[in-house]
Amino acid sequence: MASANHVEPKRSGWFSRLQKIVFGTGQEGNPLQIPANRELLKQSCHHIASLLQSEGITIPARDKEGGLLIPTTSICDIFENLHVQKVGPIWKVIRHTFETLQNTDGSRWPHTFLLEVMCSIIKGQYSHINILRSEFFTVISQAGQGDFYLPLLRLRMQALTLLTSNGRTIAPFHDEIGPLLESIVSFEELKAAGPEGIEVFLVLVRLVIEVIKYNFTQIQESSMAGLIEAYSSVVQRRDVSVQIMAACISLLDVVVRYGYFPPSCNLKVFLSALCHA
């Protein structure tokens, strides 16, 4: 961790994009151009700055039309590199702000930004997020639900991997993680997205394998049966690569090694997958 309490902005991507939109230089229409929403963001920046300053952390700020705007590149660097005690209150402000903007506009970028910030909090403040774990899981579950958008899906997978320590820790959402892994995305959608979609599918398979390996007894039987049948069906497809087939077989192997075959599962589908492989 860095020892200094002054963080210079270093990041780019969604944060620089958001900053351009805030300062009116973005190319796309955005709710931040609406005065009421710009005022909401300014008030949130004031609140965040006050919480950080109470811990002796100062960040660069710019004044635009009489209002404080924290460069969006600074927030994640602070969470990743400094010890922040007031993670909960700061996260509450950030979540309220961007969920309000999401409800106003209905676009994807507020959820994307929210997940980026969450990933930074988990990376740098993991030992201080116990009370936020359930809330983080809810955000991951609901962000972009029902909307297939690969960058957002990739971020959801990254956040879930970080939150669970690569599948090892699923408390306190052990009852909910099975249904999420079962329904987060279909193989058909990812295959249609091309090589990038296949990459995300393989990341998902690896995460499911680790969750099963370390938490088999905590996953609902109905979800386990659904996962087994879903990945068994992928193995039997004629249009999948050896890499995909091997990943799915590894998942089925983990079920046998670390758990058991759920009685409610379709045994025929499972055996057909093994024979096909």
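This report walks through one predicted protein chain, from its overall make-up to single residues.

**Ground rules**

The model is predicted: local features need pLDDT of at least 70, side-chain atom pairs count only at pLDDT 80 or more, and totals for chains, interfaces and linings use all residues. Residues are numbered from 1 along each chain as its sequence is written, and side-chain values use heavy atoms, with hydrogens and water left out.

**The whole chain**

The chain holds 13 helices and two strands. Helices (H or I, at least four residues) and strands (E, at least two) are DSSP runs, numbered from the N terminus. Of the 277 residues, 49% count as buried. Buried means under 20% relative accessible area, exposed means over 50%, and partly exposed lies in between (1.4 Å probe, protein chains only). The chain exposes about 13000 Å². Carbon and sulfur atoms supply 51% of that area. Such areas come from the Shrake-Rupley method with a 1.4 Å probe; for residues, only the protein chains shown count as cover.

Now take the contacts (heavy atoms within 4.5 Å). Among those with a separation of 6 or more, 73% join residues 24 or more positions apart.

**Helices against helices**

Helix α5 covers residues 109–125, and helix α6 covers residues 133–142. Their axes come within 11 Å and cross at roughly 145 degrees. Axes are lines fitted to C-alpha atoms, for helices over the stretch in contact, and angles run from 0 to 180 degrees between N-to-C directions. From α5, the contact uses H111, L114, L115, M118, I121 and I122. From α6, it uses F136, V139, I140 and Q142.

Which residues of helix α8 (residues 174–183) are buried? They are I177, G178, L180 and L181. Their cover includes α6, α7, α10 and α11.

**Salt bridges**

Side chains of opposite charge can pair when their charged atoms come close. A salt bridge here is a side-chain nitrogen of Lys or Arg within 4 Å of a carboxyl oxygen of Asp or Glu. The whole structure has eight. The table lists some of them.

| Pair | N to O distance |
|---|---|
| R154 and E196 | 3.6 Å |
| E188 and R237 | 2.5 Å |
| D239 and R237 | 2.8 Å |

Start with R154 and E196, which meet in a salt bridge. R154 lies in helix α7 (residues 150–163) and E196 in helix α10 (residues 195–215), so the pair ties together parts that are 42 residues apart in sequence. R154 is partly exposed at 33% relative accessibility. E196 is partly exposed too, at 47%.

Next come E188 and R237, joined by their side chains in a salt bridge. This pair also links distant parts of the chain, 49 residues apart. E188 is in helix α9 (residues 187–192), while R237 is in the loop between α11 (221–235) and α12 (242–258). E188 is partly exposed, with 47% relative accessibility.

R237 also forms a salt bridge with D239. D239 is partly exposed at 39%. Salt bridges that share partners join E188, K191, R237 and D239 into one network.

What else does R237 touch, beyond residues up to four places away in sequence? The list is F187, E188, K191 and H276. R237 and A273 are 36 residues apart in sequence, yet 9.3 Å apart in space, C-alpha to C-alpha.

**The loop between α7 and α8**

S165 sits in this loop. Its phi is positive, about 55 degrees, although S165 is not a glycine. S165 is partly exposed at 28%.

N166 is found in the loop as well. Phi of N166 is near 60 degrees, again a positive value in a residue other than glycine. N166 is partly exposed at 33%.

P172 has its place in the loop too. The peptide bond from A171 to P172 is cis, with omega near 0 degrees.

Leaving aside neighbours within four places in sequence, E210 is in contact with N166, G167, R168 and N215.

**A nonpolar patch**

L267, L271 and L274 make a nonpolar surface patch of about 250 Å². Patches are made of residues with over 30% relative accessible area and no salt bridge: like charges are joined within 9 Å, nonpolar side chains (Val, Leu, Ile, Met, Phe, Trp, Tyr) within 5 Å. L274 belongs to helix α13 (residues 267–276). L274 counts as partly exposed, at 42% relative accessibility.
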